[in-house]
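Me: Can you walk me through this one? I'd like the overall fold, then a pocket and the residues around it.

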Amino acid sequence: MPDGLSVAGPAGTGPLAATVARVGELADKLGLCHDEVFSLQQLSAQSGVPVGVVKALLEGREAGEPDLQTRFLQRFDLLRRTRLKPNGRRYTQQEIADGAGMSRQQAGALINGDRRPTMEHCDAIQRFFQVHAGFLTAADADALDGALQRTEQELLQKLAGDEREREAHTLEASGDTGDAPVEDALQRLLLDHGVRGIAWRAAQLPTDKHRDTVTEWLDMLLENVRRSES
């Protein structure tokens with residue numbers, strides 16, 4: 001495999017292992033290559049987790065940086081290397097400072113690790129680079145799990161579209177021109193691929209804000225599928 005990764009099923013347990021299994025199952029149903037779905041480079045860019053840690057976590061091994069400051073510096077450095085200006089160049093320290101609403105000295109201290117970031121700093125930098133909340137601070141396993149859940153949403157949309165297309169061909173071949181229920185195929189797929197489990201886990205989250213985030217993800221998935229069918 002190009003990335004040197006074998007995702008035959010992670011040895012670990014927990015939310016990340018469950019997400020890896022679901023994504024792998026969806027990839028198999030869609031006939032997609034695991035090399036692409038579980039691309040180490042792509043998952044690293046999406047999650048901010050170093051490639052070597054992504055590989056270890058996918059294989060079920062203990063890995064990740066426990067120190068928040070070190071994680072922040074790793075993720076901030078990745079943003080500066082991978083989220084470039086339209087001309088392909090990196091944002092300057094002054095441009096980051098201006099975009100994040102801080103002084104050049106503050107930005108420099110954060111980049112160099114001379115100052116510990118506050119949540120306000122993290123939120124401002126994340127908004128500037130247009131990445132999701134928690135990109136700079138989430139634990140490595142959680143960050144990778146979030147990236148894979150977004151992959152899962154994309155694969156579910158594709159699978160729902162493929163299933164509707166097959167149903168349309170079947171109806172056309174049988175001469176039935178009636179409209180097939182738009183929601184049935186999607187609902188069946190979502191139930192088959194863990195929405196009940198997602199809902200159960202969401203109920204265990206500590207705050208309404210966390211639960212609202214899960215609801216927003218599901219709403220976005222449903223809206224995207226409806227839009228693709230309109």
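This is a predicted model: local features need pLDDT of at least 70, side-chain atom pairs count only at pLDDT 80 or more; totals for chains, interfaces and linings use all residues.

Reply: Residues are numbered from 1 along each chain as its sequence is written, and side-chain values use heavy atoms, with hydrogens and water left out.

Me: How many helices and strands does the protein have?

Reply: The protein has 12 helices and 0 strands. Both are DSSP runs numbered from the N terminus: helices are H or I with at least four residues, strands E with at least two.

Me: What share of the residues is buried?

Reply: Buried residues are 36% of the 230. Buried means under 20% relative accessible area, with a 1.4 Å probe and protein chains only.

Me: Switching topic. How much space lies in the second largest pocket?

Reply: About 160 Å³. A pocket here is an open set of points on a 1 Å grid over the protein atoms alone, where a 1.4 Å probe fits, with protein on both sides within 12 Å along at least five of seven lines. Points are joined across faces, edges and corners, and the volume is the space filled by probe spheres set on them.

Me: Which helix gives the most to its lining?

Reply: Helix α9, residues 140–174, with 4 residues. Lining residues have an atom within 4 Å of a point. Among them are Gln 46, Arg 83, Phe 135 and Glu 154.

Me: Where is Phe 135 found, and is Phe 135 buried or exposed?

Reply: Phe 135 sits in the loop between α8 and α9. Its relative accessibility is 1%, so Phe 135 counts as buried.

Me: What does Phe 135 touch?

Reply: Leaving out residues up to four places away in sequence, its partners include Gln 46, Ser 47, Gly 48, Arg 83 and Gln 126. Contact means heavy atoms within 4.5 Å.

Me: And where is Gln 126?

Reply: Gln 126 is in helix α8, residues 119–129. At 3% relative accessibility, Gln 126 counts as buried.

Me: Back to Ser 47. Which residues of helix α3 are buried?

Reply: In α3, residues 40–47, they are Leu 40, Leu 43, Ser 44 and Ser 47. Down the axis of α3, these buried residues fall within an arc of 105°, so they line one face of the helix. That arc is taken from the directions from the helix axis to the C-beta atoms.

Me: What comes just after α3?

Reply: Gly 48, with a positive phi of about 85°.

Note on methods:
Buried means under 20% relative accessible area, exposed over 50%, partly exposed in between (1.4 Å probe, protein chains only).
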